[in-house]
Amino acid sequence: MDSLFTPDLITGICAALLVACSLKLLSRPNLDHIPVVGHSSLVASYWFTKGLEVDLARFLEEGCNKYKSGLFRVANMTHWVVCLPRSHVEQVASTSEDHLSFHHAIRNSFKIEYTLDIKKDDPRPRLLIRSHLTRNLSVLYTDIRDEIVAACNELLNPKHNEWETISALHFSLTIVTRASNRVIVGLPLCRDPAWLDYNMYLPRVVADEARILRLFPNFMLPMASKLFTDLSGRTSRGLTLVGPVFKERLQRMEAKGTDWCDKPNDYLQWWMDTSQETSPLLLMQRMLSINFSAIHSTSNICFRALLNLAGNPQHAQELRNEVETVVSEHGWTKGALSKMRKVDSFLKETLRFTGNGILSLVRVAMSDITLADGTFIPKGTTLAFPSCAVPHDDAVFENPNVFEPFRYAKMPKEFEGSRYEMVALSPNSLSFGLGTHACPGRFFAATLLKTVLAHIVMSYDVKLEDDTPHPNSLHVGRFIVPNPTVKVMFRKRIN
């Protein structure tokens, strides 16, 4: 059979792409009153170095140094990103969705209508996470820790006093995907290798597809998505894997009503109980969405915390001492985690020092707005805060460019429930957002990550492969992604 992509078709696609990009460039809001850092035009960023996809980190640092308390903008291939100083954080976070849209920014970033089949903003998943997941973490904790320990035992089997080398990314993805899916779909599916592989690489696939779709204007997206995404294929593959679970649970619900012996206590069952959705396709879309949300950011944090531990092994004993003391008194419980100030601080400092992206609180102006300093922002403008404007601002943090793992543990003793905890929201800590759209799953993510770190320091010694220097992360657009070549070494704890 001849190839689908004939020379004529490829030429047509390229011509359409050229027209599409030209239309996008010509339809942008007028931002001439805001200074430019980096490429002086969108055309230059698009054709020469792909702007935000490659140069954003360098341009943001340059802009923060040059306009420390002012605005600037950088080119992102097909639109400008207006970067704001820290003084505007609370105004942006508190502005309503009708004026500064979080959802529109997410749709622009990931093209979720075409990559995840999410066609409208649905508040139910966020409400379900708050009402069922967060409130049940103490009940679910035994399962979460059991999955983390089981996954570590399967991934790591170093012989006594011998080091075992493993990909840091593979370790982080596997641990987070298994522990997350223990809560999302339960046993035994959370340990199915095919289901794990399917979900571990979902964020990367979606991000790659979205990067292509962002080149097209909205009217061309239906056609472009058919050429450059595989939504139907991955939905079909997912249904093959999880379809039997849907069928079994629906049969039990029909036969036994709302309650039965050994009824699963997981996200899938909560959704089926509250939404009354019975379509396997709709249920599959929910599983795609929640796995994308749970795995993408949490595995990145796990990866960087692991590297920080491996690259700074001198801190392991201090963490170990804390975990041993707390566990001896409280056991392995959700309540015990809240007593582990140094473990919490280590992770919070990891988020502050690196984070999941070099832009935070990204919003799209849905109407003309005026900022508190009088700056006019026209409708359609993308706004964001560069990381150098908040977590690396020396006016906020002492030695902001130094990784200090116990920075927050040194804060006042009234720690639990305070602004120094990892999950706390404040204008100086934007990793989980701020305001109405703050991440609802941050309590689950923190529980998972603290358990992983506590288990590692109690069970293993860790170091970078060949004691190499701490490797750099990779920048893809506004995201900081794990370097897939980095390896770490584990051995069973000696002392």
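This is a predicted model: local features need pLDDT of at least 70, side-chain atom pairs count only at pLDDT 80 or more; totals for chains, interfaces and linings use all residues.
In strand S5, Val 364 is the bridge partner of Ser 101. Strand S3 and strand S5, the latter covering residues 359–365, run antiparallel to one another and pair over 2 bridges. Helix H5, made of residues 102–110, packs on the sheet and touches both S3 and S5, with its direction making about 105° with that of S5.

Seen as a whole, the sheet is open and holds 5 strands in the order S1-S2-S8-S5-S3, and its pairing is mixed. Strand S1 (72–76) and strand S3 (100–101) stand at the edges with a single partner strand each, and therefore one side of each is left without a neighbour in the sheet. As background, the strands of a sheet pair through backbone hydrogen bonds, in either a parallel or an antiparallel sense.

How far from buried Lys 348 is the nearest side chain of opposite charge? That side chain is Asp 344, and it is 6.4 Å away, so that Lys 348 is buried yet has no salt bridge, given that a salt bridge requires the side-chain nitrogen to be within 4 Å of a carboxyl oxygen. The side chain of Lys 348 does, however, reach the backbone oxygen of Glu 421 at 3.0 Å. Apart from its neighbours within four places in sequence, Lys 348 is in contact with Tyr 408, Arg 419, Tyr 420, Glu 421, Met 422, Ala 424 and Ser 429.

The remaining stops concern the backbone in loops. Between helix H9 (168–184) and helix H10 (193–200) lies the loop that contains Pro 188, and the peptide bond joining Leu 187 to Pro 188 is cis, with omega about 0°.

Two further loops each hold a residue other than glycine with a positive phi. Asp 262, found in the loop between helix H13 (231–256) and helix H14 (267–275), has a phi near 65°. Is Asp 262 buried or exposed? Asp 262 is exposed, because its relative accessible area is 68%, and the cut-off for that word is over 50%. Gln 276, placed in the loop between H14 and helix H15 (280–311), has a phi near 60°, and with a relative accessible area of 67% Gln 276 is exposed.

Definitions and conventions
Residues are numbered from 1 along each chain as its sequence is written. Side-chain values use heavy atoms; hydrogens and water are left out. Helices (H or I, at least four residues) and strands (E, at least two) are DSSP runs, numbered from the N terminus. Buried means under 20% relative accessible area, exposed over 50%, partly exposed in between (1.4 Å probe, protein chains only). Lys and Arg count as positive and Asp and Glu as negative; His and the chain ends are not counted. A polar contact is a pair of N or O atoms within 3.5 Å; within protein, one must be able to donate a hydrogen and the other to accept it, and residues adjacent in sequence count only if both atoms are side-chain atoms. Contact means heavy atoms within 4.5 Å. Two strands pair if DSSP finds at least two bridges between them. Axes are lines fitted to C-alpha atoms, for helices over the stretch in contact, and angles run from 0 to 180 degrees between N-to-C directions.
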